[in-house]
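Open the structure in your viewer and keep the sequence panel beside it.

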Amino acid sequence: MHKYKCPNCQGTGKQVWEEDFKKQFDVCYHCSNTGVIDHETMENDLLNQLVNVIAVKMSELSKKEVNENGEGFEFFAAESGLSDREYFIHDVWKNEKSVIKELTFLSPQFINALKSLLTTKIQPIKKEFKEEFKEESVSEDIPF
Ligand SMILES: [Zn+2]
């Protein structure tokens, strides 16, 4: 069974972020600190990525729409008390839900074709690697 580099932590098993100019570390929950994910998780990641791409495109298109009263995206954002950016993110979430719903109506053959296309043609997450990778990435050369 192939293992894949975790896209969340780039195979380190740790999440790193900066807070008050200091590097903070935490366990990567996506891969349970292992740095690797299995085939099913990788496929789910890709499907989620695809759902997000479609949802963002839908939101970008609706951003340009104006109703018969001349009210558009900015108007509805202001009306809901959100910034344009917050409203956009909210709109993407809403669209992601409906895209996921639509995907459940696809035939298993189509889903499989889509997964195969994703895992062979879409590059960002598909990083197969050998078992020795983890040792290599974790060991760091200390110059003394
Ligand atoms: Zn991870």
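This is a predicted model: local features need pLDDT of at least 70, side-chain atom pairs count only at pLDDT 80 or more; totals for chains, interfaces and linings use all residues.

Residues are numbered from 1 along each chain as its sequence is written.

**Whole chain.** Colour by secondary structure: there are 5 helices and 4 strands, in the order β-β-β-β-α-α-α-α-α. Helices (H or I, at least four residues) and strands (E, at least two) are DSSP runs, numbered from the N terminus. Of the 144 residues, 15% are buried, that is, with 20 or more other C-beta atoms, placed from the backbone, within 10 Å of their own.

**Helix α1.** Select residues 39–63. The 25 residues of α1, at 1.5 Å a residue, should span 36 Å, and the end C-alpha atoms are 36 Å apart, which agrees; the expected span is 1.5 Å times one less than the number of residues. Now highlight M42, D45, L46, A55 and S59, the buried residues of α1.

**Helix α3.** Axes are lines fitted to C-alpha atoms over the stretch in contact, with angles from 0 to 180 degrees between N-to-C directions.

**The contact.** Which residues of α1 meet α3? Show V51, N52, I54, A55, V56, M58, S59 and S62; their partners in α3 are F88, D91, V92, N95, E96, V99 and I100. Contact requires C-beta atoms, placed from the backbone, within 7 Å.

Key:
A residue is buried if 20 or more other C-beta atoms lie within 10 Å of its own, exposed if 12 or fewer, and partly exposed in between; C-beta atoms are placed from the backbone. Two residues are in contact if their C-beta atoms, placed from the backbone, lie within 7 Å.
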